[in-house]
Amino acid sequence: MAELQKEFMDFKTFNFHSSIAAGIEAAGYQTPTPIQRKAIPAVLKGQDIMGLAQTGTGKTAAFVLPILERLINGGRGFVRALIVAPTRELAEQINDNICTLGKKTGLRSISIYGGVNITTQIAKLARGVDIVVACPGRLLDHLKQRTVSLSRLEVLVLDEADHMFDMGFFPDIKRIMQQLPARRQNLLFSATMPREILHLAREVLYQPVTIQIGITAPADTVTHAIYPVAHHLKTRLLLELLKNTSTESVLIFTRTKHRAKRVGEQLAKKGFKAASIQGNLSQNRRREALNGFRDGTYQILVATDIAARGIDVSGVSHVINYDIPNTPDAYIHRIGRTGRAARTGEAFTLVTDDDINVVRGIERVLGARIKSKVLDDFDYDIPAPKNNQEFARPPRKPVPRHKSLHRQKKTGPKPSRSTSPAGAKPARPQQRPAGSKPAAGSKPKPRHGGGSFRSRRSR
Ligand code: AMP
């Protein structure tokens, strides 16, 4: 009975200020999601939170709503809440959420990240903001230039902490925290809980309430299928799949930036409305691709995991893993983009023989075997080209030693971080986690998609 009541609990229970209630209505939220039910009361009480949840669970509103409630009373025009996020997309998305939910509150927020002009941000900060959503690099630049002050901060949110760690942001985060008042509320969100996040949580949080939202949530509304195929036939199979499937909008994941770009180009060449996003794109091109995907100009978006972080597009009907992710968690995270809010979605994964262990791991998390499928009219026996350069990196041009020395002399020492595009850390680690496999194309291809996957094919 208590469970049933929880199911029907609505936002009125939280007794939000009428201007916030208006924002909830404008966003179209009717029932709080599980993380909102658990987190909102604790945040409203001023408690620290350790939230184990990922994108797609409604975690943004779970912290944004009670923060807005807190900020409605008290002073205005100085930074009282800071949300730190690993990517520009996530920062923008959180800020969009704040703008929608807080539209009637009169509170002002800004998203700050690198790769765009800093002076516009400086001007906006100077006019006074109450909430800052920031990527660590550019925020540090502002702190160094004293264009932002966090000395009166009341709430700190570290979102997607595991990805901030993966991206090498922890030293920056520690530097930022040195500039915050000791007395403050801290909310930390992470999809996974490796040792490093536990350490961070111990350092940052005071008597936190731990909230964990299961990772199997998308399984109910998403059907999963694997398509065994040889490396060299992946693109052909992908094209066939797209031709034979009725899709609304499709998010395709690749393991590397280079592949995302290449697959996007190949799909566009074949007449699909496709775009790709990966870390090398300028902010404008990313935004253009994302907006195009949101408004339907592009039906297909090809992305790497990192570039796709925080992408929130309702109505993704299909997630296709051109490359299988490295872990079951990453799989669940990718798949979380479809089947949202009781819509149904499909998740297709192209798998080669090398992927069998990851598939088994995913099946363990889902608690079920994933259906293995074949396309009837597809020729799985086309041999690999002798010199398959499909995804080989273009060779680097050797730089003559004397030339590089010459250049160094001419331009002097390396520019400081504040003059380089902030947020783009100089020694940011590769997006492929350590221990994962190298990109295909770097080793000989088996002739067939075969192996143990092949034995399950029903041709
Ligand atoms: P998030 O996990 O914060 O990225 O949220 C995922 C999506 O769910 C976003 O599109 C939110 O706008 C949406 N959302 C968040 N809370 C609710 C809710 N209570 N009811 C319906 N949609 C929601």
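Ala42 is in contact with Gln47, Ile49 and Val209, leaving aside residues up to four places away in sequence. This is a predicted model, and Ala42 belongs to helix H3, which spans residues 34–44.

- Although 166 residues separate Ala42 from Pro208 in sequence, the C-alpha atoms of the two are 9.5 Å apart in space.
- Within H3, the buried residues are Ile35, Gln36, Lys38, Ala39, Ile40 and Val43, and these pack against strand S1 (49–52), helix H4, strand S6 (185–190) and strand S7.
- Gly46, which comes just after H3, takes a positive phi of about 90°.

**The sheet that contains S1 to S7**

- Seven strands make up an open sheet with parallel pairing, and their order across the sheet is S3-S4-S2-S5-S6-S1-S7.
- The edges of this sheet are formed by strand S3 (109–112) and strand S7 (209–212), each of which pairs on one side only.
- On average, and with direction ignored, neighbouring strands of this sheet are turned by 10° against each other.
- Four bridges link S3 in the parallel sense to strand S4, which covers residues 131–134, and in this pairing Ile110 stands opposite Val132 in S4.
- Helix H5, made of residues 88–101, lies across strand S2 (81–84), S3 and S4, and its direction runs at about 170° to S3.

**The sheet that contains S8 to S14**

- A further open sheet is formed by seven strands in the order S10-S11-S9-S12-S13-S8-S14, and here too the pairing is parallel.
- Strand S10 (274–277) and strand S14 (371–372) stand at the edges with a single partner strand each, so one side of each has no neighbour in the sheet.
- Strand S12, residues 318–321, runs parallel to strand S13, residues 345–351, and is joined to S13 by four bridges; across this pairing, Val319 stands opposite Ala347 in S13.
- Helix H13 (residues 283–295) packs on the sheet, where H13 touches S10 and strand S11 (300–304), and the direction of H13 makes about 135° with that of S10.
- Helix H11 (residues 234–244) lies across strand S8 (222–228), S12 and S13, and runs at about 155° to S13.

**Helix H15 and what covers it**

- Helix H15, residues 328–335, is mostly covered, with six of its eight residues buried.
- Those buried residues are Ala330, Tyr331, Ile332, His333, Arg334 and Ile335.
- The elements covering the buried residues of H15 include S8, strand S9 (250–254), helix H14 (305–308), S12, S13 and helix H16 (356–366).

**The ligand and its surroundings**

- Around the ligand there are 16 residues, of which Tyr29, Thr55, Gly58, Thr60 and Ala61 come nearest.
- Helix H4, residues 59–72, gives three residues to the shell around the ligand, which is the largest share.
- Sorted by class, the shell around the ligand holds five nonpolar, nine polar and two charged residues.
- The ligand lies between domain 1 (2–213) and domain 2 (222–372), because both domains give residues to the shell around the ligand.

Note on methods. Residues numbered from 1 in each chain as written. Predicted model: local features only at pLDDT ≥ 70, side-chain atom pairs only at ≥ 80, totals over all residues. Pairing = 2+ DSSP bridges. Helix = DSSP H or I, 4+ residues; strand = E, 2+ residues; numbered from the N terminus. Contact = placed C-beta atoms within 7 Å. Axes fitted to C-alpha atoms, helices over the stretch in contact; angles between N-to-C directions. Buried ≥ 20, exposed ≤ 12 C-beta atoms within 10 Å, placed from the backbone. Near = placed C-beta within 6 Å. Nonpolar A, V, L, I, M, F, W, Y, C, P; charged D, E, K, R; others polar. Domains from an automatic or database assignment.
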